[in-house]
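We will go stop by stop, and at each one you pick residues and look around.

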Amino acid sequence: MWTAAEVPEESARPLNPNQRPVVPRPGRHRRPMTAPKTPTQKTSKKKLLLTILAVVVALAILATAGYFVKVLIDSKYFFCKRSFKFIPIDQACDGKSDCAGGEDEVTCVSMFTVNSTFPVRLMSSKSVLQVYSINTGWRSVCSDGWTAEHTQTACKQLGYTSNPTYTKVQADSQFGPFTTVKSGTGKTPVHQATNIRNTVCQTVVALSCSDCGDTDPAGRVVGGTDTDIQFWPWQVSLQQSGQHTCGGALVTPEWVVTAAHCFTGSKKEISRWKVVYGQTYQTSLGGSSVDRILINGKYDGSTNNYDIAMIKLYSPISVGETSRPVCLPPKALGLKNGEEMFVTGWGYLEENGHVSNRLQKAMVPLIDQTQCSDRTVYGSAITKQMLCAGLMEGGVDACQGDSGGPLVHLSDSSKYNLIGVVSWGVGCGRRGKPGVYSNVEEMMDWINTVIEKNP
């Protein structure tokens, strides 16, 4: 028999009488659900990123290619801006105007000849101040009446001034004859501020004009070793159209001494040159533009005599740990045969070899002038404006790419002096054929006059 089921009465009591009713709190909401990204959207974003990357890579390739194309064009042609045309680079700075307004003959290497004696110099390893006149010749300056203002004036005449100081050195016969400054002449050029003195003075003036030649203590050169720029902070790379061509040495914050033969042939257009300083490894980045290049007017390319040139930078460098001038040498420094010299550069590591990416140094002893001019070595090719350094048995030498670079000597005062400029030689490191350098001491008249006449 079917019977009807009993249905319980509806109750208002909660199913779980111990649970409190949930009361909504203001400010708390569930985060709305977002629709998941479809495969099409993910693919589109990936394609966009790949497209952007491809464009960046293509632009980088085009920029790189454009740079090398420019370098290639610059190495072959000179661009005349006014007449908007290219001419072969050999026609620039050849003495003939090939561009409108002679544009190709304006920014060129120039010759500078000095036939007079520069009237101020430092003498011996003690750096005794001497002045010159045509009538009386060279005379050492007595310390009587000498002032700090005289020191400032004299050092300014000598080119590079930084915290100049003077000391008194005992006078002896090697420094005579003598002269004394007039009173009230502190700002007068020192060679014009003196009176002849016929008696011996007790002390003479010795000058320290700058912080040149300072370096951290340490040690292209064939037979050389790796080194760092802070040990030779005056070393620079002369680059033409971005390529290392020669070395050079800072002698003031805005002047570089190098070799005249670096600027022969098609290398006379100044705008193509740049001076890179403060670098251990070869790089074309940075550096300074060139304001002017002056070659010794007596330079003879057939004999390499007077092989010296100077470069004025467009703006002075900031002197620091990796960029600092070397000292110019005093007269009669008293160097002897066999004295240690150091040559540095990025030139060939061996004859007919390859340039070095890293700066190299080598110790090369000074060779007596008589020995170097012996007929079995270089004979009459060696002039007074040259000196030799190296090992007669060979193996250590400067080479191609080192031209114009510095040959330096550490003085008793722990400062490096620029003794020579890499000039020429037979081969690199050959037996009986040492390196030949321009003799800087013999060309100090020219160097000082260039700095004075080209402010």
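Rings of Phe, Tyr and Trp count as a pair if their centres lie within 6.5 Å, taking the six-membered ring for Trp. Keep in mind that this is a predicted model.

**Stop 1: the aromatic rings**

Select Trp 232, Trp 234, Phe 342 and Tyr 416. These four form one aromatic cluster. By the pairing rule, the count comes to 8 aromatic pairs. Now hide the rest and keep Trp 232 and Tyr 416. Their rings sit 5.4 Å apart, centre to centre. The angle between the planes is 65°, and the pair is edge-to-face.

Which parts of the chain does this pair tie together? Trp 232 lies in the loop between strand S12 (225-226) and strand S13 (235-240), and Tyr 416 lies in strand S24 (residues 416-424), so the pair links parts that are 184 residues apart in sequence. Are the two residues buried or exposed? Trp 232 has a relative accessible area of 1%, so it is buried. Tyr 416 has 6%, so it is buried too. The cut-off for buried is under 20%.

**Stop 2: a charge over a ring**

Select Arg 121 and Trp 138. The charged end of Arg 121 sits over the ring of Trp 138. The distance to the ring centre is 3.9 Å.

**Stop 3: the largest pocket**

The largest pocket has a volume of about 970 Å³. Of the 44 residues that line this pocket, select the ones closest to its centre: Leu 328, Pro 329, Pro 330, Met 444 and Asn 448. Next, colour the lining by class.

Which elements supply at least two residues of the lining each? They are strand S4 (120-123), strand S10 (203-208) and helix H4 (444-453). The largest share comes from H4, with 4 residues.

**Stop 4: helix H4**

How many of its 10 residues are buried? The number is 7, and the helix is mostly covered. Pick them out: Met 444, Trp 446, Ile 447, Asn 448, Thr 449, Val 450 and Ile 451. Now show what covers them. The cover includes S3, S4, strand S14 (243-252) and strand S15 (255-258). It also includes strand S17 (288-296) and strand S18 (309-313).

**Stop 5: helix H2**

Move to helix H2, residues 148-157. Select His 150, Thr 151, Thr 153, Ala 154, Cys 155 and Gln 157, which are buried. What do the buried residues of H2 pack against? They pack against S4, strand S5 (128-133), strand S7 (165-170), strand S8 (178-181) and S10. Step just past the helix to Gly 159. Here phi is positive, at about 115°.

**Stop 6**

Select Val 236 in strand S13. With 0% relative accessibility, Val 236 counts as buried. Leave out residues up to four places away in sequence, and Val 236 still touches several others, among them Cys 246, Leu 250, Val 256, Tyr 277 and Trp 346.

Now select Glu 103. You will find Glu 103 in the loop between strand S2 (85-88) and strand S3 (110-112). Its relative accessibility is 15%, so Glu 103 counts as buried. Setting aside neighbours within four places in sequence, Glu 103 is in contact with Phe 78, Phe 79, Cys 80, Lys 81 and Arg 82.

**Stop 7: the backbone in the loops**

Hide the side chains and look at the backbone. Select Ser 127, in the loop between S4 and S5. Phi of Ser 127 is near 55°, a positive value in a residue other than glycine. Ser 127 counts as buried, at 18% relative accessibility.

Go on to Ser 241, in the loop between S13 and S14. Ser 241 is not a glycine, but its phi is positive, at about 50°. Ser 241 is buried, with a relative accessible area of 18%.

Finish with Gly 176 and Pro 177. Which kind of peptide bond joins them? The bond is cis, with omega at about -5°. Pro 177 is in the loop between S7 and S8.

Technical notes:
Residues numbered from 1 in each chain as written. Predicted model: local features only at pLDDT ≥ 70, side-chain atom pairs only at ≥ 80, totals over all residues. Heavy atoms only, no water. 1 Å grid on protein atoms, 1.4 Å probe; cavity = no way out; pocket = protein on both sides within 12 Å on 5 of 7 lines; lining within 4 Å. Points joined across faces, edges and corners; volume = space filled by probe spheres on them. Buried < 20%, exposed > 50% of the residue type's maximum accessible area, 1.4 Å probe, protein only. Contact = heavy atoms within 4.5 Å. Phe/Tyr/Trp six-rings, centres within 6.5 Å; stacked < 30°, edge-to-face > 60°. Lys NZ or Arg CZ within 6 Å of the ring centre and 35° of its normal.
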